[in-house]
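The following paragraphs lead through a structure, beginning with a single residue pair and ending with the contact between chains. Please keep the sequence and the coordinates at hand while reading.

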Amino acid sequence: MTLDPKVPEGPIEQKWDKHRFNLKLVNPANKRKFEILVVGTGLAGSSAAASLAELGYNVKVFCIQDSPRRAHSIAAQGGINAAKNYPNDGDSIWRLFYDTVKGGDFRSREANVYRLAQVSNNIIDQCVAQGVPFAREYGGTLSNRSFGGAQVSRTFYARGQTGQQLLLGAYQALMRQVGRGQVQMFPRRELLELVVVDGAARGIVCRNLITGKTESYAGHAVLLCTGGYGNVFYLSTNAMASNVSATWRAHKKGAFFANPCYTQIHPTCIPVSGDYQSKLTLMSESLRNDGRVWVPKKKGDTRAPRQIPEEERDYYLERKYPSFGNLVPRDVASRNAKQMTDEGRGVGETGLSVYLDFSDAIKRLGEEKIKEKYGNLFDMYHHITSENPYQVPMRIYPAVHYTMGGLWVDYNLMTTIPGLFCLGEANFSDHGANRLGASALMQGLSDGYFVAPYTLGGYLASAKLGAVQSGHPAFREAERAVEERIKTLLAVKGKKTAVEFHRDLGRLLWDDCGMARNAKGLKEALAKIPAMREEFWKNVDVTGSGEELNMTLERAGRVADYLEFSELMVRDALHREESCGGHFREEYQTADGEAKRDDEKFSYVAAWEFKGVGQDAQLHKEPLAFENVHLAQRSYA
Amino acid sequence: MNEKKKLNLTLKIWRQKGPGDAGRFVECKAENISPDASFLEMLDVVNEGLVKRGEEAIAFDSDCREGICGMCSLVINGKPHGPELGTATCQLHMRTFQDGDTITVEPFRAKAFPPVKDLVVDRSAFDRIVAAGGFVSVNTGNPQDANSILIGHAVAEKAMDAAACIGCGACVAACPNASAMLFVAAKVSHLALLPQGQPERMRRVAQMRAQMDAEGFGNCSNEYACEAACPKEISVRAIARLNREYLKASLCSEE
């Protein structure tokens with residue numbers, strides 16, 4: 001099978017407009033004959049479901065939480081990018097496009113990124129029209145702030161709760177359609193199988209998490225908007241329910257998985273403090289607008305931060321990257337924090353953290369102003385650490401936060417399975433090997449509000465889809481597979497909990513496939529994961545039954561999928577013999593420790609085809625051409 | 001690492017097999033708990049122990065564990081989200097408790113939040129209230145430039161104060177009448193303050209209130225318990241605004 005990204009011909013500025021014109025339309029009366037299944041209700045899922053319902057499609061929406069409003073997009077803090085150029089600082093669609101391609105270390109598809117930059121402005125307009133309470137200046141215009149990897153202020157925000165406010169905007173649009181009867185909402189459902197009939201995605205099988213019943217839903221197309229797989233690492237900033245199962249099950253049914261090794265380790269998180277920890281907490285990148293990152297110049301300096309005089313501090317980001325300073329991209333900031341702690345200059349009890357210091361900003365702007373900008377973040381830090389960041393510098397350390405990899409999609413956001421679309425973090429499309437801050441919200445809403453509603457119509461208008469009901473034998477078969485698997489999980493009755501397996505796997509991946517990777521470690525991990533998986537199916541302990549709400553069982557099912565998926569992630573990391581963005585192979589670095597790409601050999605998207613559990617996946621390559629942003633070693637100095 | 005003194009606690013936890021079953025308090029031990037652990041991480045430790053002993057884990061809701069998704073709940077020692085002001089259960093840390101404490105843990109109780117299992121309740125009534133009118137009716141498309149709607153800084157901040165509601169339902173659990181007034185007031189205030197969606201302002205408040213009543217939530221009798229329990233510290237002044245909006249809609253609506 002050859003991968004066809006279906007990128008339209010013509011100059012990059014005209015591709016999307018021309019493509020939209022060329023896409024076939026579904027007439028209004030015919031739209032109501034189509035049944036669309038949307039899985040996941042984060043920014044991508046909610047916005048897509050609402051927009052499709054507004055167009056007249058019948059939409060069924062599924063989410064894992066008790067309400068669509070709780071999807072993990074809600075936890076995004078800092079902001080959303082757009083090329084509005086309101087501050088008059090030289091921003092443009094072209095600059096946002098350029099920054100995003102460069103920020104992604106030249107591993108994204110130019111045409112997708114350009115479209116993202118184009119629709120970024122529509123997103124802000126749309127959200128304001130919905131009543132999203134963005135921060136405002138005294139004259140009533142919108143405020144902006146800066147994020148990493150950009151020298152302009154293009155980030156719109158609602159305090160430290162931008163994700164919450166954007167998601168509530170999309171959620172309200174979605175609930176409006178529920179009220180109109182155009183959307184049927186199915187909360188507390190977990191997708192466990194994708195159903196493919198005659199080569200096209202025609203439905204899903206899910207578990208009703210309250211009753212334990214296996215339920216089948218048929219439709220004309222399926223949109224997976226199920227987020228990233230960061231929780232494969234056990235500790236991440238993701239929510240407890242975030243998981244890889246939906247995309248992994250689709251992968252097993254034929255959807256290629258692209259660039260699974262591209263994971264984002266966010267530089268500013270609250271450091272790990274103990275074994276009991278269930279997750280890590282992010283401190284928004286926006287804090288780097290006013291906070292200064294430093295470590296002591298001396299190794300093993302255990303003095304309290306305020307006791308260390310100015311001249312004995314190393315503001316290493318400002319020193320090494322004077323143009324971008326504390327606002328270098330995330331991969332660069334994380335790698336540097338690791339270098340500092342590796343050198344023995346880390347701070348705190350464990351030595352595994354660096355300072356993020358606001359004392360200068362508080363002196364300059366006053367505590368009130370800082371409170372207004374970041375109040376909820378400071379409170380959150382205070383709650384978790386019991387230290388007051390207005391008085392002592394925050395201690396931060398990198399943590400897994402976002403995954404750039406995901407299901408491979410073409411320009412239409414369709415996977416290699418016709419009729420299966422993938423939106424938001426769940427796809428691989430726009431961020432290359434490193435995502436810039438405040439771009440995830442932009443991509444989720446771009447996919448959902450402004451891309452999928454058009455491209456889905458194009459698919460439905462040209463595909464010849466026969467009638468398929470949920471009584472079709474393919475559904476029976478998928479239901480049987482789901483029930484069989486649950487029975488097996490419950491029957492093992494071993495000695496080790498799914499959480500313990502998950503923690504072991506996470507530690508292995510953090511050590512061998514985390515912020516820095518090398519061939520030796522990756523090969524060792526590749527040997528260990530199948531053994532871990534085998535032990536899981538012999539020794540996992542799941543209590544309770546399958547006919548009720550059983551969170552132990554849910555967790556076990558997700559860990560089982562991580563134990564398969566992680567092997568692909570490590571294999572991808574091993575095969576990519578270069579460093580790019582968040583994928584840092586120790587063997588491939590420049591003299592000053594920056595990521596060293598190999599454009600000759602690796603300027604492609606690695607899309608993997610499933611060949612069976614424990615079998616080597618087959619690699620397909622989508623070559624990447626850079627016709628508008630010229631390949632160059634990234635420099636933020 | 002600095003060895004902080006670990007906590008040993010007794011929990012009195014509400015266990016209930018399913019919606020139709022009788023519930024009861026069950027006592028269990030939480031041992032060797034780090035004071036830096038969150039309340040939910042303490043329950044994770046307890047659950048791991050239960051599963052290891054072949055027993056069923058205690059069902060409780062949680063997701064983001066950063067205090068923003070609104071999925072976690074629990075009435076801890078009689079208070080929704082526990083003893084700390086402005087804090088959701090997931091951000092409540094065990095350093096708040098003393099070694100040897102006995103802690104009572106119950107679900108959010110309200111007629112409109114039917115029980116599901118153990119500490120889990122069904123809060124979908126909130127979604128139905130939003131579906132009844134908690135939105136601005138604007139389709140995806142090409143609205144005017146964002147800066148053509150000017151909103152003063154103070155108004156935007158006030159709207160944001162109300163919009164900060166996480167929809168957890170603590171206000172309902174805290175209210176002796178199990179009223180959802182603070183939840184409804186937060187959304188009504190957020191949207192009433194802004195210029196967007198003004199044409200449906202009266203319709204919105206009327207329909208949201210009607211749905212609130214239909215779901216079986218009680219009335220407001222000015223107890224202010226909701227404000228005290230709210231993890232986002234949303235002020236009861238929002239309820240005053242809701243009442244004004246409702247009165248105006250009752251008197252002046254053209255519909």
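Which residue in β14(A) is the bridge partner of Trp294(A)? The model is a predicted one, and in it the bridge partner of Trp294(A) is Tyr355(A). In general, the strands of a sheet pair through backbone hydrogen bonds, in either a parallel or an antiparallel manner.

Both strands belong to an open sheet of five strands in chain A, whose order is β11-β15-β14-β12-β13. The pairing in this sheet is antiparallel. Its edges are formed by β11 (263–269) and β13 (313–314) of chain A, each of which pairs on one side only.

The domain assignment of chain A gives domain 1, covering 266–400, and domain 2, covering 477–598. Their C-alpha centres lie 30 Å apart. Contact between the two involves six residues of domain 1 of chain A and six residues of domain 2 of chain A. On the domain 1 side, helix α9 of chain A (residues 330–342) gives the most, with five residues. By class, the residues on that side of domain 1 of chain A comprise three charged, two polar and one nonpolar.

The chain as a whole comes next. Chain A contains 17 helices and 21 strands. Its C-alpha trace spans about 75 × 60 × 50 Å along the principal axes. Of the 637 residues in chain A, 61% are buried. Among the contacts in chain A between residues at least 6 apart in sequence, 74% join residues at least 24 apart.

Finally, chain A meets chain B. The contact takes 68 residues from chain A and 71 residues from chain B. On the chain B side, at least two residues each are supplied by α1 (39–52), β6 (115–117), α2 (124–133), α3 (153–163) and α5 (181–193) of chain B. The side of chain B that touches chain A divides by class into 31 nonpolar, 24 polar and 16 charged residues.

Methods:
Residues are numbered from 1 along each chain as its sequence is written. Chains are lettered from A and ligands numbered from 1 in the order in which they are written. This is a predicted model: local features need pLDDT of at least 70, side-chain atom pairs count only at pLDDT 80 or more; totals for chains, interfaces and linings use all residues. Domain bounds come from an automatic or database domain assignment. Two residues are in contact if their C-beta atoms, placed from the backbone, lie within 7 Å. Helices (H or I, at least four residues) and strands (E, at least two) are DSSP runs, numbered from the N terminus. Ala, Val, Leu, Ile, Met, Phe, Trp, Tyr, Cys and Pro count as nonpolar, Asp, Glu, Lys and Arg as charged, and the others, Gly among them, as polar. A residue is buried if 20 or more other C-beta atoms lie within 10 Å of its own, exposed if 12 or fewer, and partly exposed in between; C-beta atoms are placed from the backbone. Two strands pair if DSSP finds at least two bridges between them.
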